[in-house]
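Please keep the sequence and the structure at hand.

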Amino acid sequence: MEPGTVVWRETAQSLLRQKWLIIGCILLGLFGAAVYALVQTERWTASSQLVIGPAVPPALVGKLDTSSDKTGPLGMDLPAETQARVMASPTLLREVAKSLGMPTNDDTVQKLAAVTRVKAVTDNAYLVTTDGPTASEAVRRANAIATIYLDQRNDEAKGLLTTLAGQAQDRSKTATQQSRSLISQINEAVDRGDSQTAAALRDQRVGLATEARQAADDAAAMRKALTAVGAGSELVTPATTDTASSSPMVARDILVGGILGLVLGFGLALLRSHLTPYILTRDQAARAASSPVITASEGNRRRFWHRTAPELPQYEITSLGTEASGALARRELNPRAFGSGAPGTLLVVSASPTPNSAGIALAMAEANARDGRETLLILADVEGTPVLPHVTGHEGLTDLVNEPAATRAIRARKLFRPGTVADLYVLPPGLNHEETATAVGPSLVPGIVADLPPGYSVVIHGPGAVGRMGITPLAAAVDASVLVVQVGHDKEMDVARLTAALQYAGAPVVGVVLIGASPQDETLGIPLNFKAAESAAPPIR
């Protein structure tokens, strides 16, 4: 299989394992979008289009005095973006509200400005879009904005032309008066015989007369232009009534909410799969333990807020232990492994305290005893939950702490209590819960195992860490080990560290019992670096 196929398969499986998270995000998106859409105020939209022609001929504007204001707000041909801003300005919208019979206070004007949009389509064409509580009201607002702007612009243009005409008429009158005042000066110069001064005054009078006639012509042209103001400006496309509201669009909002929820769910699922430190799949468990998953059971998925390992039913624990024991015997994953047909010593351990691992160890010991081998089960987890209530009242492992080494093995053999299965004997944790006994008790296991009569198969259940020496005391007494891993409860780093410690201590992990596997996780549970043994080694004992 191509590597890319494996990646896509694992990604799809991780999404499927967290399908409830994705479904929850989708439902959240749908619910949120539905609430958002339903609480929105119903809104209708209307648009009108207007074209604006020259208000004041540029040639006439140039006739203004240099000291005069040539920047009239509407009468001049302002840039397109500026005129678009003027149409949507509060000053114009206040007049619109007044014409529509609406209140002219600041709140009303600001609300109207918030729903009004003016766009300059070309240099002289504008699109006015506004919203209203009803379709007819939206049409009235859009048409009123365009109409009032055209009217105000025409009024401003007429006012500007009137001002220009008055200024030109004043210039004509002033020039005429100055021209008349020069007649007497010319006559006086002629009477004195000063022909040079008289000629200069005559030239000055001609210039004033020309200026007066030109100013009079300009005034006449401006008065004539008043009749053409607004001829090139009109509302070319009045707004029409829509048949459907622009808001709320419930179907669209819900669809968008569902899509956003799906994206959020996928993102959270992938983020959780890649960032969570917990083991979630068979492949993760096999990779962390560097050993294949020999048996697995389905279980409840672990949640973010619930990381405890629930105790499995007794029948399921028995089934897991029996299947694990059979897998070791049938598949011969390791020639030195427990269950290969000859007596051996096996450690069943978990990376974190769990009530299930002791039960699995008991079930494996029972299965081994049923195969006809005398089997001893040593419960070395002195602080764990008892799995055999009928033997917890007897002396056990921690009671051997004060026993001399010479007689410890003899007394240990006397403490063996037969279980419910023939050829199965149990060494319980004991009743001595002193600090010394609890710390030293597990270290007695190697000596007890070494002093057993030939032919015994031993199953030891112990914690992931024992005192200051870690797993070493128990690992020194066994030939191989089996890890019990709880999906969503055990961390991948903890399992990998425990595996390395067992390997270093001479008790390699030969298989993983996985609890809580997802039904969608159909991977093989075989680590990438796993290689089956090619040559058989002599039995361990």
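The sections below cover the basis of the model, the sheet, a helix pair and the annotated spans.

## Basis

This is a predicted model, in which local features need pLDDT of at least 70 and side-chain atom pairs count only at pLDDT 80 or more, while totals for chains, interfaces and linings use all residues. Residues are numbered from 1 along each chain as its sequence is written, and side-chain values use heavy atoms, with hydrogens and water left out.

## The sheet

Four strands form an open antiparallel sheet in the order β2-β3-β1-β4. Strands here are DSSP runs (E, at least two residues), as helices are (H or I, at least four), numbered from the N terminus; two strands pair if DSSP finds at least two bridges between them. Because β2 (116-120) and β4 (234-237) each have a single partner strand, one side of each is left without a neighbour in the sheet.

Strands β1 (residues 44-51) and β3 (residues 125-132) pair in the antiparallel sense over eight bridges. Within this pairing, A46 stands opposite T130 in β3.

## Helices α5 and α6

Helix α5 (residues 90-99) packs against helix α6 (residues 106-114) at an angle of about 105°, and their axes are 9 Å apart. The two are therefore roughly perpendicular to each other (65 to 115 degrees). Axes are lines fitted to C-alpha atoms over the stretch in contact, with angles from 0 to 180 degrees between N-to-C directions.

In contact terms (heavy atoms within 4.5 Å), P90, L93, R94 and V96 in α5 meet D106, V109, Q110, L112 and A113 in α6.

## Annotated spans

The unreviewed UniProt entry lists residues 20-39 and 254-271 as "transmembrane region"; such annotations may be inferred rather than shown by experiment. Residues 20-39 are 100% helix and 0% strand, with end C-alpha atoms 28 Å apart. Residues 254-271 are 100% helix and 0% strand, and their end C-alpha atoms lie 25 Å apart.

Technical notes. Angles under 35 degrees count as roughly parallel, over 145 as roughly antiparallel, 65 to 115 as roughly perpendicular and the rest as oblique.
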